[in-house]
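Hi everyone, thanks for making time this morning. I'd like to walk you through one structure, so please have a look at it first.

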Amino acid sequence: MSEYYWAMCDWTYKFNIFCDEILPKYTIPIEGQVLQLGVAYGLGLEKLSALYGKDRTLGLDIENPLRHPLCEIYDCSKPPKDRDLAFVHIDPGSAYKPEFKEMRINLIKWATSNILKDGILITAGRNRAKKCLNWDVEKHLENNNFEISYPEDHLSQDSINLLKETKQGVEDQIIAIKR
Ligand SMILES: C[S@@+](CC[C@H](N)C(=O)[O-])C[C@H]1O[C@@H](n2cnc3c(N)ncnc32)[C@H](O)[C@@H]1O
């Protein structure tokens, strides 16, 4: 695993904070998979399985350095097979690096057409991420009947400040619920 991910994806990674402070506010559909695309060390995947149950939780990544039992090796350059999704976190590679742009856009489109009513989609897509992707993720989600909110609508100012200090792009994140 590259130094880039090693440095970033520890317990202070934004998604871990979202799992602690945002996801418990919502109820996701009873049916459907809980899917994380881009798993790194599996810390977020572990939190998802604790929240929603390990029987329905799956992570896909080209690597699984800590051999998380719920992570399968998969290259997300090709969207996975269609399935019902109750939750999806789209986080492979980086929204800021051109080599991942097409993959991320394709995965957002794929997830949009697989997610169930009241399912949650989390990804990067506004501010700097929107510019790097050169695609209006929010417009796409709104056109597909998602209700959008942002980390700052949910997190305490202390958590937002901490995340901003670590420059993880929390201001680029979108939390979208399919209605
Ligand atoms: C930002 S980290 C993911 C962090 C993770 N979501 C978490 O909550 O800790 C990005 C991950 O994307 C993975 N990745 C990069 N290219 C990929 C690809 N083509 N398919 C699947 N995963 C990929 C990397 O191996 C890395 O683990």
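**Exposure, sheet and ligand shell**

Let me begin with Asp118, which counts as partly exposed because 16 C-beta neighbours lie inside 10 Å. Please keep in mind that this is a predicted model. Asp118 sits in strand E5, and although it is not a glycine, it has a positive phi of about 75°.

There is another backbone angle to look at. Arg67, also a residue other than glycine, has a positive phi near 50°. You'll find Arg67 in the loop between strand E2 (57–61) and E3. Is Arg67 buried or exposed? It counts as exposed, because it has 7 C-beta neighbours inside 10 Å.

Now the sheet. It is open, with 7 strands in the order E3-E2-E1-E4-E5-E7-E6, and the pairing is mixed. Which strands stand at the edges? They are E3 (71–73) and E6 (146–149); each has a single partner strand, so one side of each is left without a neighbour in the sheet. From one strand to the next, the twist averages 20°.

Back to E5 for a moment. Strand E5 (residues 115–124) runs antiparallel to strand E7 (residues 173–178), and 5 bridges join them. If you want a pair to click on, Ile122 stands opposite Ile175 in E7.

Next, please find Ile90, in strand E4 (residues 85–90). Why does Ile90 count as buried? The cut-off is 20 or more other C-beta atoms within 10 Å, and Ile90 has 24 such neighbours, so it counts as buried. Leaving aside neighbours within four places in sequence, Ile90 is in contact with Leu37, Arg104, Leu107, Ile108, Ala111 and Thr123.

Ala111 brings us to the core. Not counting residues up to four places away in sequence, Ala111 touches Leu85, Val88, Ile90 and Leu121. The largest nonpolar core has 47 residues, and Val88, Ala111 and Leu121 are those with the most contacts inside it. As background, nonpolar side chains tend to be buried together in soluble globular proteins.

Last stop, the ligand. How many residues are around it, and which come nearest? There are 20, and the nearest are Gly38, Ala40, Gly44, Cys76 and Pro92. By type, that shell divides into 11 nonpolar, 5 polar and 4 charged residues.

How values were computed:
Residues are numbered from 1 along each chain as its sequence is written. This is a predicted model: local features need pLDDT of at least 70, side-chain atom pairs count only at pLDDT 80 or more; totals for chains, interfaces and linings use all residues. A residue is near a molecule or strand if its C-beta atom, placed from the backbone, lies within 6 Å of it. Ala, Val, Leu, Ile, Met, Phe, Trp, Tyr, Cys and Pro count as nonpolar, Asp, Glu, Lys and Arg as charged, and the others, Gly among them, as polar. Two strands pair if DSSP finds at least two bridges between them. Helices (H or I, at least four residues) and strands (E, at least two) are DSSP runs, numbered from the N terminus. Axes are lines fitted to C-alpha atoms, for helices over the stretch in contact, and angles run from 0 to 180 degrees between N-to-C directions. A residue is buried if 20 or more other C-beta atoms lie within 10 Å of its own, exposed if 12 or fewer, and partly exposed in between; C-beta atoms are placed from the backbone. Two residues are in contact if their C-beta atoms, placed from the backbone, lie within 7 Å. A nonpolar core is a set of buried Ala, Val, Leu, Ile, Met, Phe, Trp, Tyr and Cys residues joined through C-beta atoms within 7 Å.
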